[in-house]
Structure formats: C-alpha cells, structure tokens
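Here are my notes for you, colleague, as a handful of numbered points. Please have the coordinates open while you read.

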Amino acid sequence: MRRAPSPRPQCLAAVALLALATAACKADLYGNLDERQANEIVAVLQRHGIAADRTVDKDGRITISVDDDDFARAFDILRDNGLPRRAHATLGEVFKPEGLVASPLQERARMTYALSEELSRSLGEIDGVLSARVHIVLPEHSPLQQSSTPASASVLIRHKSGLPLGELVPQIKTLVANGIAGLTYDGVSVVLVPVPERPDTPEAAAPVSFLGMWLRPDSLARARVLAGLALLLIAGFAAGLGYLIWRTRSSVYALGAMGQPPAGPEEAPETFARTGEAA
C-alpha cells in the first residue's frame, strides 16, 4: 500500500510563510530591555500614535518592534524623550566581590564611576529630566605633593523644554557637592539642555486595537489582509488534511475487501448437495 503523504511539511511551510509575512512588516527598535524600560517606550509611542509590539525572550528581556514605516519617526521620538533610560550601576554592582585584589588606582577609578552613576540616577528622578550625566574629577592624594588639584564635577542635564529647571540649579549643585567628599559648591558646574517636544498626534490618528494588537489606522487594512490570508491558509490545509484522511481510510477499506478470497467453483457442488440433503 502506498503510504499517504504526511501533511506535516505543508503545515510547517504554511506557518513559516505566515510568520515571514507578518515579520516582514516589523523592525526591531530596541532590545535587551527590562519591563520598566519597555513600558515607558510603549507608552510614549502610543501617545504619538505609533503601535509597538513587545517580544519577551527566554531570559525575560524585552524587544520592542514597530512597523517599518514608523521606524525613523519612533526613533526620533524616543531620542527626544531620552528613552530608553540608561541603566545606572549601583555601588553594590561596582564593588561586587571578586577573586583578584584591585590596585589603589583601580579602586579609585571604581569609586569615581560609582559616585557618578549614583548621582546621575538621583538627578534623573527629577520631573522633566530626560537624561543626566555627572562627570567627577577627584584629586590624587600623594605624600610627595604639597598641593593638589581640588575636586570638581560637571553636570549635563537634558530636560523637556518649557520647564523652569533653571530654578533648581542651586539645589542640583548642593546635591552633587554634598555627595562627594572634598567637593565644594563652587566646584560644581551645571549645563542645562532643553529638548523641544514634538507635537502630539491628533486624535484621528490614534492607534486602534485589532486582534489584541495596537495598530495605526493606515495599517489596519494591511493587518486585515494578512489575517484573511492566514484564515485562507488554515482553511486550505484543513481541507487538505481531511482529504488525506479520507483517502487513507478508503485505501484501508479497499485492501480489506481484497484480502477475502472469492467463492471458487469447487464450493458450488457442495452447496447444491447440502441443499438436496435438506430437501
């Protein structure tokens, strides 16, 4: 009996074709994000009428993808909003125990980096601050030098325009000066860079929901076409699978009927004899 072809390769091909058709319209925007970073990105993009999809990998990290047509605009919007926010290392992460003994120069560099990260994270919590960087210069204490360069710090803050962040400059300088030993108030310089906000997307271009996904109105027609193609593929392969099952059963029944031997000519006299005896 010829074995009926298995529908598994065709099904796998259909799934792969559908996945390629869907993924061809998407582009990865950012990856290796935590949940908070991903939520901030999706919220900002939705406010500007851009639909974003989230994909979680096996390590729990999240990748944000958008339509190819929205990639450039989405990238500019996230850059203007300082997203994704840079993850700042904590003191525990910088000074985690290691097997090797660090030199005094390495310990000093690690301390400077840890202080910079902690202060940058604190300044980033101010409302309206998009990103903050703190650059620290610590003096080298040497017994052979009678005088040393005083400590100093430079602060760069990107913030949303229209916010009176200049009124907080004295508080920012006090925060940085008190966070570093040997640093004075006058040794801190602050640079504020306002970032103009892009106009919000009008209400008519707000994203719409389709099959659990947020899409732009101009992408809704393409999504419906892809969904229709997917339904046609599923229906076609379901019909093909039913046809293969029907053919397989028909072949089994035909072979069963062929396996029974027909009545031969020698059996006929015995039948007539038995009939005569009964009479």
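1. Let me start with helix 3 and its neighbours. The buried residues of this helix pack against strand 1, helix 2 (35–47), strand 3 (62–67), strand 4 (129–137), strand 5 (152–160) and strand 6 (188–195). Contact here means heavy atoms within 4.5 Å. Helices (H or I, at least four residues) and strands (E, at least two) are DSSP runs, numbered from the N terminus.

2. A word on the ground rules: this is a predicted model, in which local features need pLDDT of at least 70 and side-chain atom pairs count only at pLDDT 80 or more, while totals for chains, interfaces and linings use all residues. Residues are numbered from 1 along each chain as its sequence is written, and side-chain values use heavy atoms, with hydrogens and water left out.

3. Which residues of helix 3 are buried? They are Ala74, Ile77, Leu78 and Asp80. These residues sit on the same side of helix 3, because they cover an arc of only 160 degrees around the axis. The arc is taken from the directions from the helix axis to the C-beta atoms. Buried means under 20% relative accessible area, exposed over 50%, and partly exposed in between (1.4 Å probe, protein chains only).

4. Helix 3 also takes part in an aromatic pair. The whole structure has 2 aromatic pairs, and Tyr30 with Phe75 is a stacked one, at 6.4 Å centre to centre with 20 degrees between the planes. Tyr30 belongs to strand 1 (residues 26–33) and Phe75 to helix 3 (residues 71–80), so the pair ties together parts that are 45 residues apart in sequence. For the cut-offs, rings of Phe, Tyr and Trp (its six-membered ring) pair if their centres lie within 6.5 Å; planes under 30 degrees apart count as stacked, over 60 as edge-to-face and the rest as tilted. Both partners are partly exposed: Tyr30 at 22% relative accessibility and Phe75 at 34%.

5. Some backbone details deserve a look. The peptide bond from Leu83 to Pro84 is cis, with omega near -5 degrees, and Pro84 lies in the loop between helix 3 and helix 4 (91–94). In strand 1, Asn32 has a positive phi of about 60 degrees although it is not a glycine; Asn32 counts as exposed at 55% relative accessibility.

6. Ala132 lies in strand 4 and is buried, with a relative accessible area of 7%.

7. The buried residues of helix 5 include Thr112, Leu115, Glu117 and Leu123.

8. Finally, the overall totals. The protein has 8 helices and 8 strands, and 27% of its 279 residues count as buried. Residues 24 or more positions apart account for 65% of the contacts with a separation of 6 or more.
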